[in-house]
Amino acid sequence: MQKVNLEDKLSQFTDYWNPRIVGELNSQHVKLVKLKGPFVWHQHELEDEMFFVIKGRLAMEFRDKTAFLDPGEFIIVPRGTAHRPVAEEEVWVMLFEPAGTLNTGNQENDFTRKDLEKI
């Protein structure tokens, strides 16, 4: 049992769209990621995802609307829902999702990260 300092963990990397695992609980991964620019449209057939904004402003695009998240806010994207995160400026996000969730869901492309680093 160790406490996790989010700023310390986030200071350990500078790249975007490359989640790092910082914790595990009940077959769920707690991940930290820095975002900038648009991601790809995708969906997760079997997993819900939670995006918690730590710093910056995140636009979560859905096919019929866009939700804007500020620091201290989160959104849960239900399984099977097409979505695309967009960050106009750098955004720090904590993700909660089942272990093994592929960051690009039903897509494999340049953004896909299969083997995540634990920090």
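How many nonpolar, polar and charged residues does the lining of the largest cavity have? The answer comes below, after a look at the overall fold. The structure is a predicted model, in which local features need pLDDT of at least 70, side-chain atom pairs count only at pLDDT 80 or more, and totals for chains, interfaces and linings use all residues. Residues are numbered from 1 along each chain as its sequence is written, and side-chain values use heavy atoms, with hydrogens and water left out.

The C-alpha trace spans about 40 × 30 × 25 Å along the principal axes. A compact globule of 119 residues would have a radius of gyration near 14 Å, and the 13 Å found for the protein agrees with this. Here the radius of gyration is taken over C-alpha atoms, and the globule rule is 2.2 Å times the number of residues to the power 0.38.

How much of the protein is hidden from the surface? Buried residues account for 42% of the 119 residues; buried means under 20% relative accessible area, exposed means over 50%, and partly exposed lies in between (1.4 Å probe, protein chains only). The protein exposes about 6900 Å², and carbon and sulfur atoms supply 49% of that area. Accessible areas come from the Shrake-Rupley method with a 1.4 Å probe, and for residues only the protein chains shown count as cover. Of the contacts between residues at least 6 apart in sequence, 64% join residues at least 24 apart, a contact being heavy atoms within 4.5 Å.

Now for the cavity itself. The structure holds one cavity of 30 Å³ or more, and the space in the largest cavity is about 130 Å³. Its lining is made up of 14 residues, of which Trp17, Phe39, Phe51, Leu95 and Asn103 are the closest to the centre. A cavity is a set of points, on a 1 Å grid over the protein atoms alone, where a 1.4 Å probe fits but cannot get out, and lining residues have an atom within 4 Å of a point. Grid points are joined across faces, edges and corners, and the volume is the space filled by probe spheres set on the points. To return to the opening question, the lining has eight nonpolar, four polar and two charged residues. In this count Ala, Val, Leu, Ile, Met, Phe, Trp, Tyr, Cys and Pro are nonpolar, Asp, Glu, Lys and Arg are charged, and the others, Gly among them, are polar. Strands β2 (28–38), β3 (49–55) and β7 (83–98) each supply at least two lining residues, and β7 gives the most, with four.

Two residues in these strands can be followed in more detail. His29 lies in strand β2 and counts as buried because its relative accessibility is 11%. Beyond residues up to four places away in sequence, His29 touches Ile21, Gly23, Glu24, Leu95, Phe96, Glu97, Pro98, Ala99 and Gly100. Val86 is placed in strand β7, and a relative accessible area of 9% makes Val86 buried. With neighbours within four places in sequence left aside, the contacts of Val86 are Gly37, Pro38, Arg57, Leu58, Ala59 and Glu61.

Although Phe111 and Trp17 are 94 residues apart along the chain, their C-alpha atoms are separated by 6.8 Å. Phe111 is in contact with Trp17, Pro38, Phe39, Val40, Asn103 and Thr104, leaving aside neighbours within four places in sequence. Leu102 also has its place in the segment after β7. The C-alpha atoms of Leu102 and Thr112, which are 10 residues apart along the chain, are separated by 7.2 Å.

Finally, the loop between β1 (20–25) and β2 contains Asn26, and Ser27 is placed in the loop between β1 and β2 as well. Phi is near 50° for Asn26, a positive value in a residue other than glycine, and near 65° for Ser27, again a positive value in a residue other than glycine. Asn26 counts as exposed at 71% relative accessibility, and Ser27 is exposed with a relative accessible area of 61%.

Notes: On a 1 Å grid over the protein atoms alone, a cavity is a set of points where a 1.4 Å probe fits but cannot get out, and a pocket is an open set with protein on both sides within 12 Å along at least five of seven lines; lining residues have an atom within 4 Å of a point.
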